Amino acid sequence: MPRTWVEIDTEALAWNCRLVQNKIGDASQLLAVIKANAYGHGAAIVARTLHDLGLRWFGVASVEEGKALRAMLPDANIVVLGWIPPEELHGIFESELIPQISDMRFATALDAQAQRQDRVQPVHVKIDTGMGRLGVFPRESENFLGALSRLSHLRVEGILSHLSSADEENLEPSQSQQKIFDEVLRQSQAAGLPVQWFHLANSHAIFRMPHAHYNMVRCGLFLYGLYPTNDYSFDFSLRPVLSWKSQVGLIKEYQPGQTVSYGRTHRVERPTKIAVIPVGYADGYNRRLSNKGLVLVRGAFARVLGRVTMDHIMADISAIPGVQEGDEVVLLGRQGDNRISAEDLAQSLDTISYEIVCAIGPRVSRIPAKQEIALKNSL
Ligand SMILES: *Cc1c(COP(=O)(O)O)cnc(C)c1O
């Protein structure tokens, strides 16, 4: 057993994928967002599983992520959703990636490079309908699309926008973004641009805004079976895909007065049995879980004592009988009757589940979980 590892339940991933596909039907393509190492789940294992399920559209954040994915999936359509530094432009051609376009400077440079390579480069144009991040503002979109159509080595294959608030109870901001998007869609059609793909919806909008699917949707979080927080008011019967585990390293008996970890922030008051667990903030176990986090050992909760360190945490196992060195420790996931969810961890850290799973570091290997045969038959 490694120090710490992540297990990916590929059956749960397939389950969530089917759920999303049933929701969108045949009229829309599902673009799987696997940026940031598939939200920490491991891009390789996630991409392979989704590709086996028939998916051919993937979204990454950077040229580097796109390059790694291309090496694995020669036939995939790979859209780079993030901003791309001009120096990385050549990588788009090398790995046959599809960039999103938000400005003329980048578009012109891309067109020039495409011309040199004697190629026509497909691009997706991003419209900032209210996200306030990437994309051209709607008031500029008509001119922008016009200018792009004059660049002979670019082909506007798609137009997209991103919702700022689709996870919130109030859908009005999303609906107003959709109206603006519709207007841009009409502009592009009036201008006779042969745009093939229109996409606006993220996970939340896929389920909550069925009229915002257009012919492509971009799904990240829900594929991984996560909700942003425990307060999220909707249950779409998703199944969490990721478990994060470690093992009991050393077991030690501390006596009253002895302290635990840097800064001596925990002082033992009664004889206490403590497990030293080989996972730390360098693996993505947040330091703010010092004296606060819970882990599962033998199906029971054990509290983190003292500060989280770079490579180790200490947990109180006094109340758990029979713990032995080498026992499995669950940091995130299920063990016995208990579970620690990414939403729980997000709650104790005042963040969202997205950040919890993305933070799991490259030092942690991602492996497929052992499958339960019964689940396979139920799919
Ligand atoms: C990350 C991202 C998504 C996926 O959002 P989820 O909420 O995880 O479904 C979709 N579109 C863009 C542009 C993104 O950056």
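Guide: The protein chain exposes about 17200 Å², and carbon and sulfur atoms supply 49% of that area. Accessible areas here come from the Shrake-Rupley method with a 1.4 Å probe; for residues, only the protein chains shown count as cover. This is a predicted model: local features need pLDDT of at least 70, side-chain atom pairs count only at pLDDT 80 or more, and totals for chains, interfaces and linings use all residues. Residues are numbered from 1 along each chain as its sequence is written, and side-chain values use heavy atoms, with hydrogens and water left out.

Of the 379 residues in the protein chain, 53% are buried (under 20% relative accessible area, 1.4 Å probe, protein chains only). The chain has 12 helices and 20 strands. These are DSSP runs, numbered from the N terminus: helices are H or I with at least four residues, strands are E with at least two.

S203 places a polar side-chain atom 2.5 Å from a ligand oxygen atom. In R218, a side-chain N or O atom is 2.7 Å from a ligand nitrogen atom. G220 uses its backbone: an N or O atom there lies 2.9 Å from a ligand oxygen atom. Taken alone, the ligand exposes 390 Å², and the protein buries 94% of it.

Definitions and conventions: Buried < 20%, exposed > 50% of the residue type's maximum accessible area, 1.4 Å probe, protein only. Polar contact = N/O pair within 3.5 Å; in protein donor to acceptor, adjacent residues only side chain to side chain.
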